[in-house]
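Student: Before we discuss this structure, I would like to see how each term is tied to its cut-off. Could we go through it together?

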Amino acid sequence: MNFGQSFRLAIKSLRTSKMRALLTMLGIIIGVAAVIIITSLGNGMKNYMNKQFDQLGANLIQVQVTGRGGGTMSSRSVDPADMYALVDKYPGYLSGVSPYVRTVGTVRHGSDEYTRTSTYGVSEFYYDASRNQAMSGEKLETGRFLTYIDVSRRQNVCVIGNYLAQEAFQGNALGKTLTIQGSPFTVVGVLSEKADSTAGSGDDVIFIPYENAMTLNGSGSVNFYLFNSTSKDTSASAKGIIENKLFKVFQDKDTYFVMSSAEMLDAMNSMLNTLMAILILIAAISLLVGGIGIMNIMLVSVTERTREIGVRKSLGAKRKDIRSQFIIEAGTTSAVGGVIGIVLGIIMANILTNVIAFVLKTGNDGFVAIPTLTGIAVSFGVSVGVGILFGYLPANKAARLNPIDALRYD
Amino acid sequence: MEHLIELRDVYKIYRMGEESVHALDGVSLAIDPGEFVAIVGSSGSGKSTAMNIIGCLDVPTSGTYHLGGIDVSTMEDDQQAEIRNKMLGFIFQQYNLIPKLTVQENVELPLLYAGVDAAQRHERALRALGRVGLAEKRKNLPSQLSGGQQQRVSIARALAGNPSVILADEPTGALDSRTGREVLTFLQQLNAEGDTVVLITHDNSIAVKAKRIIRLQDGKIIYDGNAHDPRAVVSAEEYQEILGEGEPT
């Protein structure tokens with residue numbers, strides 16, 4: 001039957017009874033808006049996380065040795081030389097490794113004390129000069145990073161983060177000295193800003209040669225390493241190589257822990273996807289309720305328009321003509337509701353973006369809830385589908401009306 | 001010659017619990033092209049049932065009904081719809097225009113269901129509206145017209161599909177006597193132009209505008225003939241009384 005006329009009739013009846021139309025569509029509007037908001041937030045969260053991981057280094061593999069394996073008397077161990085050898089052996093998978101020794105100790109400059117500053121002992125490989133990027137993502141702003149000479153000779157030099165450079169040295173740190181647990185270290189380089197340059201943040205750091213850090217800690221072995229795989233794609237294989245090596249040494253899977261950023265990202269992404277799927281399912285309940293609302297109002301509409309149905313039948317409308325008229329009407333109603341829901345969802349996603357940015361103080365390049373095109377297309381499709389599905393029963397009722405009874409109906 | 005409408009021994013029996021009501025009790029009639037026939041009877045006479053069957057809105061319990069040579073007495077819902085669309089034009093007491101559609105859209109409805117394309121629909125609807133003198137009101141909604149005008153729109157709608165039979169069910173029932181007369185004059189004019197008109201009414205003063213009257217009582221035809229015969233306008237008992245002791249023929 002004529003789609004155009006049914007469509008225009010549906011729009012007309014929506015416009016003539018706005019309140020009723022709004023109430024009819026409310027379930028669909030809320031459901032679709034919820035789906036759009038959830039997908040937008042999920043999408044934004046994923047983008048934000050991916051960005052954070054990229055900053056951190058997506059090729060990063062963390063290795064932690066937690067025991068020795070083979071009983072308490074075991075003397076099995078790995079040292080940095082073993083790790084360097086591993087990188088040399090597999091240049092196709094591993095591009096670098098550095099020990100990563102966390103040090104606890106007060107940092108002083110003059111009379112100022114910096115208690116929240118993190119100090120790490122690393123090797124020269126922690127910084128990749130060709131990419132101008134440290135394994136933890138920072139770039140070098142001025143000066144140089146630690147060199148082979150610094151590390152092998154255990155020189156008391158350090159590279160500091162942006163926060164210290166500003167706070168302790170007013171931006172003029174090169175060549176100056178600070179003390180860590182009483183030992184003096186000369187600043188040879190300053191890293192660029194990575195976080196928000198506050199105390200305890202990613203910018204409140206100091207890097208020193210790892211053996212110096214071990215001395216400060218009084219520890220005899222390195223238990224933490226950072227590897228770089230050659231790319232995101234080789235990350236999984238690189239992880240396998242490292243695990244193989246560690247298993248050969250320790251013969252016990254529980255004595256070490258290897259985790260790649262790519263793997264972690266995948267795990268978090270799939271967790272987020274699951275979470276989103278659950279939330280969307282909950283939102284879909286609202287769509288179901290919306291569909292029932294449409295079915296209800298369509299049943300009322302069929303009763304109200306019994307005489308019209310009789311007239312149309314007397315003029316030659318077949319069952320399918322009447323059926324499609326009411327299905328188109330239901331579909332149009334839910335489609336309009338869907339469009340309103342989509343617009344509402346996008347507006348809400350925008351508002352939420354601003355609220356989250358305000359709360360987290362991340363600024364404009366932080367979290368952004370972006371509606372996905374797929375999300376919009378699917379929720380529009382689903383809302384139309386819901387209308388058609390729930391419109392079918394009333395439409396069929398209308399189609400099966402007896403023309404004589406329908407014509408006589410008041 | 002083949003009749004346009006031919007009912008042969010038609011019964012319509014409704015079951016009301018234990019009882020069965022014979023709404024039509026063996027009705028046979030034939031109407032030829034170009035006739036103007038009024039089917040008359042008081043309420044309960046079976047005239048509405050007759051109109052439903054002639055209008056292909058209902059099927060007889062037994063007997064046959066041929067419309068334009070086609071046996072329509074055993075048709076399914078959708079087949080009947082097609083026959084109504086092609087062969088019948090309805091005029092109702094309450095006009096039954098669809099309030100949300102414009103005058104022109106209302107007139108186009110039968111053409112829409114016949115699958116006529118848009119350009120032809122417009123043209124034929126305008127021509128039909130022209131015949132009832134309402135072409136300039138085509139953009140109006142039915143509620144903006146007077147009762148008489150609305151009834152003329154419904155006549156235009158009945159004409160638009162170019163039907164073989166125009167079936168008018170109490171077409172003047174909702175109109176004042178002057179507009180009622182206008183509508184009747186219009187039906188006579190249509191008949192003069194060659195259209196077959198079947199008028200269903202309880203009102204003798206209206207029925208006599210037709211050329212031929214078929215009078216129903218208790219589901220049976222008690223008179224079928226010239227509209228000016230006195231028997232056409234009274235019940236069997238009344239006719240007896242008029243004749244006094246005389247014999248009814």
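Tutor: In this model 19 residues of chain A are in contact with 18 residues of chain B, contact being defined as C-beta atoms, placed from the backbone, within 7 Å. The model is predicted, so local features need pLDDT of at least 70 and side-chain atom pairs count only at pLDDT 80 or more, while totals for chains, interfaces and linings use all residues. Residues are numbered from 1 along each chain as its sequence is written, with chains lettered from A in the order in which they are written.

Student: Why is A:S383 called buried?

Tutor: A residue is buried if 20 or more other C-beta atoms lie within 10 Å of its own; A:S383 has 32 such neighbours, and therefore counts as buried. A:S383 belongs to helix α11 (residues 373-399) of chain A, and among the residues it touches are A:I28, A:V32 and A:L287. The C-alpha atoms of A:S383 and A:V32 are 7.3 Å apart, although 351 residues separate the two along the chain.

Student: What makes a set of residues a nonpolar core?

Tutor: Its members are buried Ala, Val, Leu, Ile, Met, Phe, Trp, Tyr and Cys residues joined through C-beta atoms within 7 Å. The largest such core has 114 residues, of which B:I39, B:A156, B:L167 and B:V198 touch the most other members. Helix α2 (residues 18-56) of chain A gives the most to this core, eleven residues.

Methods:
Contact = placed C-beta atoms within 7 Å. Helix = DSSP H or I, 4+ residues; strand = E, 2+ residues; numbered from the N terminus. Buried ≥ 20, exposed ≤ 12 C-beta atoms within 10 Å, placed from the backbone. Lists of a residue's contacts leave out its neighbours within four places in sequence.
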